[in-house]
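This report concerns a single protein model and is meant to be read alongside its sequence and coordinates.

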Amino acid sequence: MADPVLSIRDLSVEIPTRHGIVRPVDGVSYDIQAGEILGIVGESGAGKSMAGNAVIGLLTPPAHISKGEIWLNGQRIDHLKGDAMRRLRGKEIGMVFQDPLTSLNPLLRIGDQLTETMLTHLPIGRAEAEKRAVAALEEVGIPGAAERVNSYPHEFSGGMRQRVVIALALCAEPSLIIADEPTTALDVSVQAQIIALLRRLCRDRGTAVMLITHDMGVIAEATDRVAVMYAGRLAELGPVRDVLTHPQHPYTHGLMASTPLASQGKSRLHQIPGAMPRLDAVPDGCAFNPRCPYATEKCRQAPVPRVSNGQAACWYPLVDEKVI
Ligand SMILES: Nc1ncnc2c1ncn2[C@@H]1O[C@H](COP(=O)(O)OP(=O)(O)OP(=O)(O)O)[C@@H](O)[C@H]1O
C-alpha cells in the first residue's frame, strides 16, 4: 500500500484543569490514504474535534499535544508553529467547518477570496487564478459562477455558502481536507448534496479526508473507513461496512442500534444506558465498562490494548453481532 497522506501515531492531547490533567485525546493512532475518507464518529465530547484541531495546529491553549506524532506526506508536523503551520493549513490542509461563515471573510467578494488563496499557494498569475475561481465555483455547483464570483458571503444560502467553502478548501490543491461537522447546520436535503459533492471532488482529486461527525447516517453515506471515539480513545477502527454491520465493540454496537439507520421499522430506538464519563473521571480499565452489558472484572481493571485497523479496543470483541 502507498504511504498514507496523514499518519497519526499514539497521539494524546492534555488540558490542565482545576481537577487535574484531562486527556481529551488519549493514545489515538490512524492513517488516511490519498482519496480515502476516514470518518471520526462518537458522542458529543468524545474528542473528535480535538483530534482534528491537533492536526491543524488549532488547539486552544492550555490544550496541547502531550505525546505522539503527526505526519503529513512524510513530514512530521506536530511540532510546527506560527507561519510554518499557517502555510501548511492553506496549502497542504484544507478545512471545512460546521459554520461556513467562520471560513469566509464577510467583507470580501468570494471570487477575491478564492483568487487570493490561490495566488498565495500556487505558482500562477492573477488572470489564471481568476479563471480558476470561476471554474471552482462551477465545479461545486454554484449557478451563474461567472457573475457569482462578485457576490459577498451573505448573499448566499447556507448550503450554497458551504459549497463556496468547499471550493475554497480545495482551490490550493491540498492533499488533506479536515471537515468538522460540515453538514450539521444544514437542512437534511442539502446535507446529502454537500456530502455527495465532498465525496466526489475528493475522490476525483485523490484528496484524503478526515470527516468528523456525530451522525452515523453521514458516516454510512460518505466514508470508506471509520474510527469510533469514546472518552478520548479509539474504540474501534475499520472499513465502514464492517464496523456498521458487524461492530466488534459493544459501544459501537450500542451507537449503531440507537441510530435511525438501524431502527427502521422498529417503534423505539435502543438507548445505551448511562452517559460518557467526564474526562476527569474516566474509569480504570476500559472507559466504557460501566455502561457495558458484558463487562467483567478484567474490563474494570486492565487497560485495553490500543487498536489498529480492523480491531476493537475490547477484551471480549463481539463476533458476528449484526446490527442491520
Ligand atoms: N478547556 C477545557 N478544559 C477541560 N476540558 C475541556 C476543555 N475544552 C474541551 N474540553 C473537553 O474535551 C473533550 C473533547 O471535546 P471535543 O470538542 O473534541 O469533543 P467532540 O467529540 O468534538 O464533541 P462535539 O461533537 O460536541 O464537538 C470534551 O469532553 C470537552 O468537555
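The model is predicted: local features require pLDDT of at least 70, side-chain atom pairs count only at pLDDT 80 or more, and totals for chains, interfaces and linings use all residues. Residues are numbered from 1 along each chain as its sequence is written.

**Overall fold**

The protein comprises 12 helices and 11 strands, where helices (H or I, at least four residues) and strands (E, at least two) are DSSP runs numbered from the N terminus. Its radius of gyration is 20 Å, close to the 20 Å that the globule rule gives for 324 residues, so the protein is as compact as a globular protein of that length. The radius is taken over C-alpha atoms, and the rule is 2.2 Å times the number of residues to the power 0.38. The C-alpha trace spans about 70 × 50 × 40 Å along the principal axes.

Of the 324 residues, 40% count as buried. A residue is buried if 20 or more other C-beta atoms lie within 10 Å of its own, exposed if 12 or fewer, and partly exposed in between, with C-beta atoms placed from the backbone. Among contacts with a separation of 6 or more, 67% join residues 24 or more positions apart; a contact requires C-beta atoms, placed from the backbone, within 7 Å.

**Nonpolar core**

The largest nonpolar core has 87 residues, and Ala167, Val228 and Tyr230 have the most contacts inside it. Helix H6 (residues 158-170) supplies the largest share of this core, 8 residues. Such a core is a set of buried Ala, Val, Leu, Ile, Met, Phe, Trp, Tyr and Cys residues joined through C-beta atoms within 7 Å. Not counting residues up to four places away in sequence, alanine 167 touches Leu114, Ala136, Leu137, Glu139 and Val140.

**Ligand shell**

Of the 14 residues around the ligand, Pro24, Ser44, Gly45, Ser49 and Met50 come nearest; a residue is near if its C-beta atom, placed from the backbone, lies within 6 Å. Strand E1 (6-17), strand E2 (20-32) and helix H1 (48-55) each supply at least two shell residues, and H1 gives the largest share, 3 residues. By class, the shell has 6 nonpolar, 7 polar and 1 charged residues.

**Sheet containing E1 and E2**

Two elements of the ligand shell, E1 and E2, also belong to an open sheet of 4 strands in the order E2-E1-E4-E5, with antiparallel pairing. Its edge strands are E2 and E5 (75-76), each pairing on one side only. Strands pair if DSSP finds at least two bridges between them.

| Strand pair | Bridges | Residues standing opposite |
|---|---|---|
| E1 and E2 | 8 bridges | Leucine 6 and isoleucine 32 |
| E1 and E4 (residues 64-72) | 7 bridges | Glutamate 14 and histidine 64 |
| E4 and E5 | 2 bridges | Leucine 72 and glutamine 75 |

The hairpin of E4 and E5 has 2 residues between the strands, and asparagine 73 takes a positive phi near 50 degrees there.

**Histidine 249**

Histidine 249 lies in the loop between helix H9 (240-245) and helix H10 (250-257). The residue counts as buried because it has 29 C-beta neighbours inside 10 Å. Not counting residues up to four places away in sequence, histidine 249 touches Val228, Ala235, Glu236, Ala312, Ala313, Cys314 and Pro317. Val228 is also one of the core residues with the most contacts. The C-alpha atoms of histidine 249 and leucine 237, 12 residues apart along the chain, are separated by 9.8 Å.

Key
Two residues are in contact if their C-beta atoms, placed from the backbone, lie within 7 Å. Ala, Val, Leu, Ile, Met, Phe, Trp, Tyr, Cys and Pro count as nonpolar, Asp, Glu, Lys and Arg as charged, and the others, Gly among them, as polar.
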